[in-house]
Amino acid sequence: ADRMLDMGFLPDVRQIVSQCPQPRQTALFSATIPPEIERLAQWALHDPQTVEIGGRRSPAENVKHAVYPVACDQKTELLLALLEQIHYDSVIVFCRTKHGADRIGHLLKRHNHATAILHSNRTQNEREQALRGFREGRYEVLVATDIASRGLDIADVSHVINYDVPQHPEDYVHRIGRTGRAQASGDAFTLMVAEDRPHMDAIEHFIGRKIPREKLPGFPYKHTSLFLDQAPGQSLQGLRFRGGRVGTSYS
């Protein structure tokens with residue numbers, strides 16, 4: 001019962017509920033419950049009882065978070081370097097778009113990673129094969145859009161990597177919830193380029209914590225404004241920047 005209903009499932013849910021006989025027992029489960037879902041619950045449930053485990057916006061305490069700032073043109077290189085250095089059992093790489101998931105999935109395959117791809121343009125048979133192979137260990141990496149951030153219970157996912165920073169803060173909570181399940185530990189890494197700063201600020205405000213910034217040892221970083229020394233919560237106001245015209249644009 002979450003934002004997937006806003007993606008087209010709500011009319012079907014309403015039709016199914018209306019066809020269920022009375023009296024009935026109905027339960028809704030979600031890691032985040034935004035106001036629109038609360039309104040749905042008021043319509044679908046009669047005098048409901050609420051059971052909450054932890055805070056509504058709180059990620060699992062057994063998941064370690066880290067943000068890796070990087071120049072935009074080194075983002076893919078950093079992903080490959082991360083996969084070479086971290087010790088993972090299985091990893092889900094989240095991309096913002098279906099085209100991006102295809103591009104990253106094919107790239108990882110060319111670098112000899114056993115990779116499956118999951119997004120809404122794949123056929124149902126392709127999705128089932130990808131999930132089955134990932135669960136059974138035939139694929140070590142699952143590259144997916146947010147279709148995989150909700151409703152999937154896959155055991156032993158040791159790492160989640162946000163190749164793209166999610167644009168909705170609640171999506172971050174759902175994505176990283178794919179690891180650290182059933183009291184296991186997990187790691188959640190996010191690659192952040194300069195244009196992602198507002199989305200990352202919104203995520204940290206949403207979950208109520210600052211996520212540590214990390215650098216991958218030995219990686220040949222190019223300079224980016226994200227590496228400017230910043231205390232937690234400090235803005236860029238007061239810092240000096242130099243601008244100039246590049247073609248028809250301004251940088």
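**View 1. Glu204 in helix H7 of the predicted model.** Glu204 lies within helix H7, which spans residues 197–207. With a relative accessible area of 8%, Glu204 is buried, because buried denotes a value under 20%. Leaving aside residues up to four places away in sequence, the contacts of Glu204 are Arg209, Lys210, Ile211 and Arg213.

**View 2. The aromatic pair of Tyr68 and Phe189.** Two aromatic pairs are found in a search of the whole structure. In the pair of Tyr68 and Phe189, the ring centres are 5.5 Å apart and the planes stand at 80 degrees, so the arrangement is edge-to-face. This pair connects distant parts of the chain, since Tyr68 belongs to strand S1 (residues 63–69) and Phe189 to strand S6 (residues 186–192), 121 residues apart. Tyr68 is buried, at a relative accessible area of 9%; Phe189 is likewise buried, at 6%.

**View 3. The aromatic pair of Phe219 and Tyr221.** Phe219 and Tyr221 also form an edge-to-face pair, with 4.8 Å from centre to centre and 70 degrees between the planes. Phe219 counts as buried at 12% relative accessibility, and Tyr221 counts as buried at 18%. Both assignments follow because the limit for buried residues is under 20% relative accessible area.

**View 4. Arg14 over the ring of Trp43.** Arg14 is placed over the face of Trp43, at 4.5 Å from the ring centre.

**View 5. Lys75 over the ring of Tyr163.** The ring of Tyr163 has the charged end of Lys75 over it, 4.5 Å from the ring's centre.

Technical notes: Residues numbered from 1 in each chain as written. Predicted model: local features only at pLDDT ≥ 70, side-chain atom pairs only at ≥ 80, totals over all residues. Heavy atoms only, no water. Helix = DSSP H or I, 4+ residues; strand = E, 2+ residues; numbered from the N terminus. Buried < 20%, exposed > 50% of the residue type's maximum accessible area, 1.4 Å probe, protein only. Contact = heavy atoms within 4.5 Å. Phe/Tyr/Trp six-rings, centres within 6.5 Å; stacked < 30°, edge-to-face > 60°. Lys NZ or Arg CZ within 6 Å of the ring centre and 35° of its normal.
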